[in-house]
Amino acid sequence: MSVLVEAEKLCVRYDGTEALKDISFRVENSDFIGLVGPNGGGKTTLIKTILGLVPSHGGSVNLFGEIRKRFREWQKIGYLPQKSSVVNPLFPATAEEVISLGVLPRKIFPKKITKNDAAYVHAVMERLGISELRSRMISELSGGEQQKVFLARALVSNPELLILDEPSTALDPDSRESFFRLIKELNKSSGVAVILITHDLGYVGRYAYKLLYVDKRVVYFGSFSDFCKSKEMSSYFTDFGQHIICHQHD
Amino acid sequence: MEILDFLRYSFIQKAFIAGSFTAAACSVLGVFLVLRKMSLIGDGLSHVSFGALALGLFFGVYPFYIAAPVAVLGAYAILKITEKAKVYGDAAIGIVSAAGIAGGVILASISGGFNVDIFSYLFGNILSVSSAEVWLSVAISFVILLMLYFFYWDLFSAAFDGEYAATLGVKTNFVNTLLVCLTAVTVVLAVKTVGVMLVSALLILPAVTVLQAVKSFKAALLSAVIVSVTSVILGIVFALLFNLPAGAAIVMVNLLFFAIAVLYRRVV
């Protein structure tokens, strides 16, 4: 089993305050990891540190066997950031232009989107059922439609690892179900590893096999079944809390 | 006098050529700057170029040769102050801008006055551009066209979401530096056209005008160039016909286009 992400004793500080301390975990191919924790617990910071968007103050991160600083194969990672951080209402980009950005990691200088790339972008849009949004401005789309466009952008590079940061916040219950079914299918049929960040503890167990609970440090990392049996976790979360996390797990 | 009669004069031909190319360069850069909420960098850099032009005059060097590198340094300083100090981008622009103006005024004061009126740069004079400045405006437009050809998707991704762009392997620091350095050189050229006080209008107005109506990024770049060049041509024509200052006339035409675009958006 190949290791896609390996974090070892990762530490992050903001203005002297510890945001993350001694975080160690690994993501292997075909993993579906639910990254959960309280608000301010460091979930997004952890992902941004792994991606090199936030500097670490200790420890190490390896991506696909490479030290993060030397890692260049960004097409292997599809990232769906938190929605609120992305959309500029003035930006005159079409859905197709935004999705085409996902092709860039495969490109060398000078980066050009070819007809083949465009055809593949269209194929991904069709797969996600958003072909009719092709020429629409991203700022004119609903939250759910935007989210599908950003998912298409993350998928268009054929990633081996998909990182989804609170992907369901803009989705209605029906869209949420179909969104997660699609992710689950990608994970099962194509072996794409998934890190799903959510604060929705009751929901994550329906899809993820593994749980990474972070509250500035790793509270738990392991399989869901072990989590649900763990007496240590039962005393940390209380029996009720542990039940809430576990009861929806298929 | 008919407008076609004016075209016989080489200084008017130069004004049209230099003005159009400078406007085209400014409008392309302006789209990126406006979308990245860096519109006022043009204002700050024009103030820096005022100080740098004074420096050039002080040492008796052709002002552009001093102003261009100093403005690039100013642009770099804005980026570094934002990145390294606990200062927001707009405040960093304010700091560098103030340093430029203060430097220019001090140089003007200690030199006891220049042969060229440094304060004429405040409002520019497109009708007095030299042949060298015409060639410079063509050259900078060509460089910006090359930048667009080679870095279009990098610039687009960094403007859309800089943080996300980094996860696509885009070297965002390089892209930012390229953008502000080209802006710095273009601003120095544009100071001659509309002056220090109005240069940011050439960067901001075409961009905000087309953003009212366009439906794609490529359309935004193309229409910004069309709006900007048309404004310069009409501005010069109005200036000649009604004996108005050309820089101010160009800005007023740009403003008119902006008002029409806002109305269009409200109606459609």
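Visitor: What makes up the open sheet of 6 strands in chain A, and in which order do they stand?
Guide: The order is S6-S7-S8-S3-S9-S10, and the pairing is mixed; a strand is here a DSSP run of E with at least two residues, a helix a run of H or I with at least four, and both are numbered from the N terminus. The model is predicted, and local features need pLDDT of at least 70 and side-chain atom pairs pLDDT 80 or more, while totals for chains, interfaces and linings use all residues. Residues are numbered from 1 along each chain as its sequence is written, chains are lettered from A and ligands numbered from 1 in the order in which they are written.

Visitor: How do you know that S6(A) and strand S7 of chain A are paired?
Guide: DSSP must find at least two bridges between paired strands, and 4 bridges join S6(A) to strand S7 (residues 161-165), which run parallel. Within these strands, A:Ile77 stands opposite A:Leu161 in S7(A). Helix H4 (residues 143-155) of chain A lies across S6 and S7, running at about 165° to S6(A), an angle taken between N-to-C directions on a scale from 0 to 180 degrees, with axes fitted to C-alpha atoms, for helices over the stretch in contact.

Visitor: Why are S6 and strand S10 of chain A called edge strands?
Guide: S6 and strand S10 (218-223) each pair on one side only.

Visitor: What makes strands S2 and S5 of chain A edge strands in the other sheet?
Guide: That open sheet has 4 strands in the order S2-S1-S4-S5, with antiparallel pairing. Strand S2 (17-28) and strand S5 (66-67) each have a single partner strand, so one side of each is left without a neighbour in the sheet. Further in, strand S1 (residues 3-14) and strand S4 (residues 58-63) of chain A pair over 5 bridges in the antiparallel sense, and A:Val5 stands opposite A:Leu63 in S4(A).

Visitor: What makes up the contact of helix H4 of chain B with helix H8 of chain B, by class?
Guide: Helix H4 (residues 63-84) and helix H8 (residues 172-194) pack with their axes 8 Å apart, at an angle of about 145°. Among the residues making the contact are B:Ala71 and B:Ala75 of H4(B), and B:Ala184 and B:Val188 of H8(B). The contact has 14 nonpolar, 4 polar and no charged residues, where Ala, Val, Leu, Ile, Met, Phe, Trp, Tyr, Cys and Pro count as nonpolar, Asp, Glu, Lys and Arg as charged, and the others, Gly among them, as polar.

Visitor: Which residues does B:Ala71 touch?
Guide: Not counting residues up to four places away in sequence, B:Ala71 touches B:Leu45, B:Val48, B:Ser49, B:Ala52, B:Ala184, B:Val185, B:Val187 and B:Val188.

Visitor: How many residues does each chain bring to the contact between chain A and chain B?
Guide: Chain A gives 24 residues and chain B gives 21 residues. On the side of chain A, strand S6 (77-80) and helix H2 (95-100) are the elements that give two or more residues, and the residues of that side divide into 18 nonpolar, 3 polar and 3 charged.

Notes: Contact = placed C-beta atoms within 7 Å.
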